[in-house]
Amino acid sequence: MVPNDFNNTDIIGGSGGGISRHGVYGGRPGGFVILSGENVTIGQGIIMAEGHSPFNRTANAGSGSGGSISIIASNSMSGAGGLLSVKGGDTFNAYDGGAGGGGRVYLSAATTDDLSLLTVHTHGGYYVPMGNSTDYSPCITGGAGTYLLTITGSSGYSTLTVSNGHIPT
């Protein structure tokens, strides 16, 4: 990897969840993952840079947002399944703690083979009621994240997907 291959925005992690009115810290942010090579195969493993929920689920603190995953192949990229996830942290409280927003996935290669088996999660965190909390107004789920696939070869194109996993926000 040559340092000039990346813009500063390619390596930004998520943000931490907000502190509660009681002084309890929110969830940790998702970090960042950078992988590069000449020919990259994304296997059936899992790469995550997810935001976290607050440690104290009843503290009314916010959840962390998803981080970023950047995978760059100077030649070709192929996929055999696998999961890339930058989802935001879930919230368990309907008062003032909110779910974290989704993060960013960036894939770039000169050419790609079939990436259709690759699963990419960029959605925000969910509202997950605890106990009898369904009596309260539900929190809004975290906002959508992004997935950018860029082909740099002769057919050169980019596809941007903004998805919140079929959840209204």
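The model is predicted: local features need pLDDT of at least 70, side-chain atom pairs count only at pLDDT 80 or more, and totals for chains, interfaces and linings use all residues. Residues are numbered from 1 along each chain as its sequence is written, and side-chain values use heavy atoms, with hydrogens and water left out.

**Exercise 1. Determine the strand order and the pairing sense of the three-stranded sheet.**

Solution. 
- Step 1: Strands are DSSP runs (E, at least two residues), numbered from the N terminus. Two strands pair if DSSP finds at least two bridges between them.
- Step 2: Read the order. This open sheet runs β2-β4-β6, and its pairing is parallel.
- Step 3: Find the edges. β2 (46-48) and β6 (119-121) are the edge strands, each pairing on one side only.
- Step 4: Inspect one pair. Strand β4 (residues 83-85) joins β6 in the parallel sense over three bridges. Serine 85 has histidine 121 of β6 as its bridge partner.

As background, strands of a sheet pair through backbone hydrogen bonds, either parallel or antiparallel.

**Exercise 2. Describe the pairing in the open sheet of five strands.**

Solution. 
- Step 1: Read the order. The strands follow β1-β3-β5-β7-β8, with mixed pairing.
- Step 2: Find the edges. Here β1 (32-42) and β8 (157-163) each pair on one side only.
- Step 3: Examine a parallel pair. Strand β5 (residues 104-112) and strand β7 (residues 145-151) share six bridges in the parallel sense. Arginine 104 is partnered by threonine 146 of β7, and serine 108 by threonine 150 of β7.
- Step 4: Examine an antiparallel pair. β7 and β8 pair in the antiparallel sense over seven bridges. These two strands form a hairpin with five residues between them, and isoleucine 151 stands opposite tyrosine 157 in β8.
- Step 5: Consider burial. Five of the seven residues of β7 are buried (under 20% relative accessible area, with a 1.4 Å probe and protein chains only).

**Exercise 3. Locate glycine 66 and decide whether it is buried or exposed.**

Solution. 
- Step 1: Glycine 66 lies in the loop between β2 and β3 (68-79).
- Step 2: Apply the cut-off. Glycine 66 counts as buried because its relative accessibility is 6%.
- Step 3: Compare sequence with space. Glycine 66 and methionine 48 are 18 residues apart in sequence, and their C-alpha atoms are 9.1 Å apart.
- Step 4: List contacts (heavy atoms within 4.5 Å). Leaving aside neighbours within four places in sequence, glycine 66 touches several residues, among them Gly14, Ala49, Val86 and Gly103.

Key. Helix = DSSP H or I, 4+ residues; strand = E, 2+ residues; numbered from the N terminus. Buried < 20%, exposed > 50% of the residue type's maximum accessible area, 1.4 Å probe, protein only.
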